[in-house]
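Here are some notes on the model you sent over.

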Amino acid sequence: MTRLTRLTRRPGGGARTASAVPYLFLAPAMALFTLFMAVPIGYTAYLSLLRTKVSGLGLGRNSRREVFVGLDNYAATLADGELWAGWLRVLGYGLLVLTVMLGLALLFALLLDSAHVRLARFSRIALFLPYAVPGVAATLLWGFLYLPSLSPFRQVLDVDLLGPDMVVPSMANVAVWGGVGFNMLVLYTALRAVPVTFYEAARIDGASEFRIALRIKVPILLPAIILTTVFSIIATIQVFTEPTTLRPLTNTISSTWSPLMKVYRDAFVTGDLYSAAATSIVIAAVSLVLSFGFLRVVRDRAFGEG
């Protein structure tokens, strides 16, 4: 009877052990996520509800202390004209970057997947290589090419690429140069997963390569296009590297050119951590709303969900 009891208990224990194995594998990732993502986000939200209260001249002990102010920091953030001006600049920058970058990525992916393409491997590497260059290094390289005294473009275009009228397209060019290759690779990988019988049947019916791309490939790529668009929207809202790196080269980029630059200035230049925390939460909320709003608008067409 004892042996029978052990035999009947063993399968249940083994099932419980097997069900716990995935959680053991997930534990390191969850611990890192909690330590480096969830805790900082929670601490930022906590700081956004506080403010430093100064008593007297602010020189004695306990003359500066943190006080709870609720949503006052958020109210001040939403009423800040510099922040709204930064959002407008980022909106123009984002429309330019998203249109050109994703359009070129789709075009290159379709060209590389064409039946008559040559040097496909070399072309993929050449297009993806700019993405491997760090953003600061890429912006510095382009920044020196934009300088009027060094720029080879100045002799041809006769225009100041870092001037007030051209600084946004110049920054957008850096983002496009670095981002086209990554998005192209995502779209090209999605195309390579499609069975070639689809294309062969279309060619037998007399369809040209252009009609195959327009009628078959682009609809198949729609979920991948939406994915790259969401990632690009988030990256555009958080633009920081390009304007910060180009700022020492021109007077047309302010310290609050983008919302994220304003967060950096408030936190590390003026020392107002509480305002910076509130602005950070607002930026995260805007990213979340725009990303999920875009997905909600297009999900019926792309994923067939209601």
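**Notes on the predicted model**

1. Helix 5 and helix 7 are oblique to each other. Their axes come within 10 Å and cross at roughly 140°. The cut-off matters here: only angles over 145 degrees count as roughly antiparallel. The crossing of helix 5 past helix 7 is right-handed. Helix 5 covers residues 135–146, and helix 7 covers residues 167–192. Keep in mind throughout that this is a predicted model.

2. Now the overall layout. The chain has 306 residues, and 33% of them count as buried. It contains twelve helices and two strands. Along the sequence the pattern reads α-β-β-α-α-α-α-α-α-α-α-α-α-α.

3. How many salt bridges does a search of the whole structure find? The count is seven. One of them joins the side chains of Glu 82 and Arg 265, at 3.4 Å from N to O. Glu 82 sits in helix 3 (residues 81–112) and Arg 265 in helix 11 (residues 259–268), so this pair ties together parts 183 residues apart in sequence. Glu 82 has a relative accessibility of 36%, so it counts as partly exposed.

4. That pair does not stand alone. Asp 80, Glu 82, Lys 262, Arg 265 and Asp 266 are linked in a network of salt bridges. When you inspect Glu 82 and Arg 265, look at the other members of the network too.

5. Asp 113 and Arg 192 also meet through their side chains in a salt bridge, at 3.4 Å from N to O. This pair links distant parts of the chain, 79 residues apart. Asp 113 is in the loop between helix 3 and helix 4, while Arg 192 belongs to helix 7. Are the two partners buried or exposed? Asp 113 is buried, with a relative accessible area of 9%. Arg 192 counts as exposed, at 55% relative accessibility.

6. A further salt bridge runs between Arg 203 and Glu 209, whose closest N and O atoms are 2.8 Å apart. Arg 203 is partly exposed at 32% relative accessibility. Glu 209 is partly exposed as well, with a relative accessible area of 24%.

7. Which residues form a nonpolar patch on the surface? They are Tyr 23, Leu 26, Met 30, Leu 32, Phe 33, Leu 35, Phe 36, Met 37 and Ile 41. Together they have about 1000 Å² of accessible area. Leu 26, one of the group, is found in helix 1 (residues 2–47). Its relative accessible area is 47%, so Leu 26 is partly exposed.

8. Ala 278 is placed in helix 12 (residues 273–303). Ala 278 is buried, with a relative accessible area of 0%.

9. Arg 124 lies in helix 4, which spans residues 120–132. Arg 124 is partly exposed, with a relative accessible area of 22%. From Arg 124 to Leu 112 the C-alpha distance is 7.7 Å, and the two are twelve residues apart in sequence.

Technical notes:
Residues numbered from 1 in each chain as written. Predicted model: local features only at pLDDT ≥ 70, side-chain atom pairs only at ≥ 80, totals over all residues. Heavy atoms only, no water. Salt bridge = Lys/Arg side-chain N within 4 Å of Asp/Glu carboxyl O. Helix = DSSP H or I, 4+ residues; strand = E, 2+ residues; numbered from the N terminus. Buried < 20%, exposed > 50% of the residue type's maximum accessible area, 1.4 Å probe, protein only. Patch = residues over 30% accessible without salt bridge, like charges linked within 9 Å, V, L, I, M, F, W, Y side chains within 5 Å. Areas by Shrake-Rupley, 256 points an atom, 1.4 Å probe, with all protein chains shown as cover. Axes fitted to C-alpha atoms, helices over the stretch in contact; angles between N-to-C directions. Parallel < 35°, antiparallel > 145°, perpendicular 65-115°, else oblique. Left-handed = near helix turned anticlockwise from the far one by under 90°.
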